[in-house]
Structures are given as structure tokens and as C-alpha cells.
Amino acid sequence: MKADQIRESLVTALSRRRFLRGEFSAEPGVLRPPWALPESAFVGRCTRCDACVAACPTAILIAGSGGFPVVDFARGECTFCGDCARACAPGALDMAQPQPWQLAVRIDAGCLAAANIVCRSCGDSCQSAAIRFRPQVGMAAQPQVDPAACNGCGACVRACPQAAVALIARSEATIAA
Ligand code: SF4
Ligand code: SF4
Ligand code: SF4
């Protein structure tokens, strides 16, 4: 067995073991595709068929740990087209849910504005106008995200030249606050 096959087997076994133990939370930083069922139901139902990965027109879905699909906003944004969910025959992605996901934007210390360098790339990329820049005396204007206006599309992630923008689960944002 090749090294990558051994690693894949170990990761799959670990994912299944966590499932059987009732450890249903996705690893921190792991974002499932939109309309994913809660982690316990998702892991139990997803067959890792990659149909959602193949269906995504913006190619933001990739096979993650154990072969379960995850979102990588460094590759692009979600248009909420629903192609992934419609491709999911087992129903691990279910558009009957009220919202595609609950994500929050986190802007890290690497932000150029925090270093007093004028940059509005994230705000310019946001079609929802959810990132505003508050003027500061003697400082570059600082980005502020309006959670009520943000739909979690992820367009601001790739727009940042410093890779200082990330989307995280709203539950993780609450814990970090
Ligand atoms: S809703 Fe569309 S753009 Fe978003 S992840 Fe699914 S297939 Fe991709
Ligand atoms: S299409 Fe559904 S079952 Fe297949 S990998 Fe995606 S989420 Fe899992
Ligand atoms: S995730 Fe989308 S809607 Fe939210 S701030 Fe970023 S670009 Fe705007």
C-alpha cells in the first residue's frame, strides 16, 4: 500500500471513529458545503461520492479529511446556485434547511489596514456591501463587517492580498469572542 493510501485509510478510520464515539463537531476551521446537515447526520449520510465537488461551478468544493467534502474559499466564492445540493443523491446536503450555512467573517492581524496601509480589497469584492471602512484619525480606515448584511459567500477571502480574511462557523466566532 502506498503512503498516501495508508494516510487516507487512517484519516477515514479516524473520521468514522469520531462518528461512532458521538464526536459530531467538524474539526475547527472545517467548513462543509452549503446546506450540509448537522455534522452528525452529514457524516452518517455522506458517501464521499464527490458529486458535489464535480458539480460546483466555482470549484470551491474539495475532498477534505477522510474524503468528506469541504469548502475552500481561497479558490473562489459560493454563488448559492444549489448545484452541489441537487447533485447530492444521499441527501447529506439538503436545501430544505432554512439557510445554506451560518458563517462569520474573521479579519486577522495581517490586515494591511491594521498596519496603517490603505487597502479596501475585501470591501470592493463584497457585493452585499457588508464590509464598511470606518475612518480613523491618523490611521488607515479599518474594515468592519456587518454580520446582518453578510451572506457568507466568501468572496472577500480570495480578494485579500494578505490572506487575512477567513470565514468561520458562527458558533466558533462566538467562542472566540
Ligand atoms: S451552491 Fe453552487 S457555488 Fe456554492 S458550493 Fe454549491 S455548487 Fe458551489
Ligand atoms: S454529493 Fe453528497 S454524498 Fe456525495 S460527497 Fe457531496 S455531500 Fe457527500
Ligand atoms: S463573505 Fe461575502 S457577503 Fe460576507 S463580507 Fe465577505 S464578500 Fe461580503
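Reader: How many bridges join S3 to S6, and are these strands parallel or antiparallel?
Author: Five bridges join S3 to S6, and the two run antiparallel. Strands count as a pair if DSSP finds at least two bridges between them. The names come from DSSP runs numbered from the N terminus: helices are H or I with at least four residues, strands are E with at least two.

Reader: Before I go on, what kind of model is this?
Author: This is a predicted model, where local features need pLDDT of at least 70 and side-chain atom pairs count only at pLDDT 80 or more, while totals for chains, interfaces and linings use all residues. Residues are numbered from 1 along each chain as its sequence is written, and chains are lettered from A and ligands numbered from 1 in the order in which they are written.

Reader: OK, back to S3. What stands opposite arginine 106?
Author: That's alanine 166, over in S6. Arginine 106 is on the uncovered face of S3 along with Ala104, whereas Leu103, Val105 and Ile107 make up the covered face.

Reader: How many helices and strands does the protein have?
Author: Seven helices and six strands. Going from the N terminus, they come in the order α-α-α-β-β-α-β-α-β-β-α-β-α.

Reader: And which other strand does S4 join?
Author: S4 joins S5 (residues 139-145) through five bridges, and they run antiparallel.

Reader: Is tryptophan 35 buried or exposed?
Author: Tryptophan 35 is buried, because 23 other C-beta atoms lie within 10 Å. The rule is that 20 or more other C-beta atoms within 10 Å of a residue's own make it buried, 12 or fewer make it exposed, and in between it is partly exposed; the C-beta atoms are placed from the backbone. Tryptophan 35 lies in the loop between helix H1 (3-20) and H2.

Reader: Then why is asparagine 116 exposed?
Author: Because asparagine 116 has 11 other C-beta atoms within 10 Å. Asparagine 116 is in the loop between S3 and H5.

Reader: How about glycine 44, where does it lie?
Author: Glycine 44 lies in helix H2. Glycine 44 is partly exposed, with 13 other C-beta atoms within 10 Å. The C-alpha atoms of glycine 44 and alanine 92 are separated by 8.3 Å, though the residues are 48 apart along the chain.

Reader: New topic. Which residues have the most contacts inside the largest nonpolar core?
Author: Those are Cys84, Leu93, Cys156 and Val165, in a core of 35 residues. H2 (39-45), H4 (83-87), S3 (103-107), H6 (155-159) and S6 (165-169) each supply at least two residues of this core. A nonpolar core means buried Ala, Val, Leu, Ile, Met, Phe, Trp, Tyr and Cys residues joined through C-beta atoms within 7 Å.

Reader: What does cysteine 84 touch?
Author: Leaving aside neighbours within four places in sequence, cysteine 84 is in contact with Pro33, Pro34, Cys52, Ala55, Cys56, Leu61 and Leu93. Contact means that the C-beta atoms, placed from the backbone, lie within 7 Å.

Reader: Which residues come nearest to ligand 1?
Author: Cys56, Cys78, Cys81, Asp83 and Cys84, out of 15 residues around ligand 1. To be near, a residue needs its C-beta atom, placed from the backbone, within 6 Å of the molecule or strand.

Reader: And which are nearest to ligands 2 and 3?
Author: For ligand 2 they are Cys46, Cys49, Ala51, Cys52 and Cys88, of 14 residues. Ligand 3 is surrounded by 14 residues, the closest being Cys126, Cys150, Cys153, Ala155 and Cys156.

Reader: How many of the residues around ligand 3 are charged?
Author: None: the shell around ligand 3 has nine nonpolar and five polar residues. The shell around ligand 2 has 11 nonpolar, one polar and two charged. Here Ala, Val, Leu, Ile, Met, Phe, Trp, Tyr, Cys and Pro count as nonpolar, Asp, Glu, Lys and Arg as charged, and the others, Gly among them, as polar.

Note on methods
Contact = placed C-beta atoms within 7 Å.
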